[in-house]
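Try each task yourself before reading on.

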Amino acid sequence: MKVDLHNHSYYSDGVFSPSEVVRFADDAGCDLFALTDHDTTDGLDEARQTADKLSVDLVSGVEISAFWRNMTIHIIGLNIDINNDILQAGLVHNQQLRKERAEKIALGLWRVGIKDALEKTQALSKTDMLTRTHFAQMLIGEGYCKDMKSVFRRYLTGKKPGGIRVEWKNIDEVVGWIHAAGGQAVLAHPFRYRMTNTKVKNMFLNFKEVFGDGVEVVTATSTDEEITLSNLWAKEYKLLSSCGSDYHGWPNQRIQIGYLRDLPNIDNAIWRYLPCRT
Ligand code: AMP
Ligand code: MN
Ligand code: MN
Ligand code: MN
């Protein structure tokens, strides 16, 4: 089984259309693929139309921003009913927070002399969803920074001009949205939050306590140690294992869809509970 359950299109901060990413997944020989854009399911109709013509099975997904201990984390919803009112109300809420944040980021940038940031950033987005990645691209394009890493550090995080705190809903509520839509809730890239291992383990426990279903044990950037630890803690807390590349299609990102290491414990794989023809 070739499986990739975390991918982005230009409906959030990916480069390619839903049709294109589904084709990439099919070309890579994926059996099961999820499109998981940030806080929106709008790309899934197009993805579904393309997947229906190919051999890859598409899982309807989403990546939702949430709060754990007042820190932003990401929760993947898999096999969701995209027409569910509770889920969509939650996503509309997050989309509104994103709109307000985009205006505040632009204001922060204006204060340090960067004019028309909102308009210039919006011009780079194919939809009305604005992520920090779009602001990063704009700032790089305008010559303020040379790469993603430095632009996030200098402009888009902490107390920097465009570092705006967003009060997302807590993990219990977000897991509730996903479950209301019949989906499985998966803690995304647990080692990418700059937390100590003790804290990551506590996050696993709390995620289980709010009825989360699984965790990403393998991502494209996982180290051997991260895979070992997340597999161990998933077992300890009876969480299912997921894998996803977090593909965005950025030119400088070497990540490709479907190229992931095997899960250490395939019996615990979340895709046993996902609709799949193979
Ligand atoms: P947002 O959800 O709009 O706050 O944007 C978060 C997205 O920005 C993440 O999904 C990543 O794709 C990207 N991102 C966040 N931090 C960094 C960073 N330090 N370097 C590069 N990309 C980042
Ligand atoms: Mn992203
Ligand atoms: Mn994420
Ligand atoms: Mn992602």
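This is a predicted model: local features need pLDDT of at least 70, side-chain atom pairs count only at pLDDT 80 or more; totals for chains, interfaces and linings use all residues.

**Exercise 1.** Find which residues coordinate the manganese ion (ligand 4), and work out how they are spaced along the chain.

*Solution.* 
- Step 1: Look for the donor atoms. The manganese ion (ligand 4) is held by H6 (NE2), H8 (NE2), E63 (OE) and D246 (OD), at 2.1 to 2.2 Å.
- Step 2: Check accessibility. Both H6 and D246 are buried.

**Exercise 2.** Describe the site of the manganese ion (ligand 2): which residues coordinate this ion, and what geometry do the angles give?

*Solution.* 
- Step 1: List the donors. D13 (OD), D13 (OD), H38 (NE2) and H248 (NE2) coordinate the manganese ion (ligand 2), at 2.1 to 2.8 Å.
- Step 2: Examine the angles. They run from 51 to 152° among 6 donor atoms, and the site is irregular.
- Step 3: For reference, six octahedral donors would ideally give angles of 90 or 180 degrees.
- Step 4: H38 is in the loop between β2 and α2 and H248 is in the segment after β7, so the pair links distant parts of the chain, 210 residues apart.

**Exercise 3.** How far is the manganese ion (ligand 2) from the manganese ion (ligand 4), and how far from the manganese ion (ligand 3)?

*Solution.* 
- Step 1: The separation from the manganese ion (ligand 4) is 4.4 Å.
- Step 2: The manganese ion (ligand 3) lies 5.5 Å from the manganese ion (ligand 2).

**Exercise 4.** Work out which residues of helix α2 (residues 44-51) are buried and what covers them.

*Solution.* 
- Step 1: Pick out the buried positions, namely L44, A47, T50 and A51.
- Step 2: Look down the axis. These residues cover an arc of only 125°, which puts them on the same side of α2.
- Step 3: Recall the helical repeat: with 3.6 residues a turn, residues three or four places apart point the same way.
- Step 4: Turn to the other side of α2, where D45 and Q49 are exposed.
- Step 5: Identify the cover over the buried residues, which includes α1, β2 (32-35) and β3 (57-68).

Terms used
Residues are numbered from 1 along each chain as its sequence is written. Chains are lettered from A and ligands numbered from 1 in the order in which they are written. Side-chain values use heavy atoms; hydrogens and water are left out. Donors are N, O and S atoms within 2.8 Å of the metal (3.2 Å for Na, K and Ca); water is not among the atoms, so sites may look incomplete. Buried means under 20% relative accessible area, exposed over 50%, partly exposed in between (1.4 Å probe, protein chains only). Helices (H or I, at least four residues) and strands (E, at least two) are DSSP runs, numbered from the N terminus. The arc is that of the directions from the helix axis to the C-beta atoms. Contact means heavy atoms within 4.5 Å. Four donors count as tetrahedral if all angles lie between 85 and 135 degrees; four count as square planar and six as octahedral if opposite donors are over 155 degrees apart and all others between 65 and 115; anything else is irregular.
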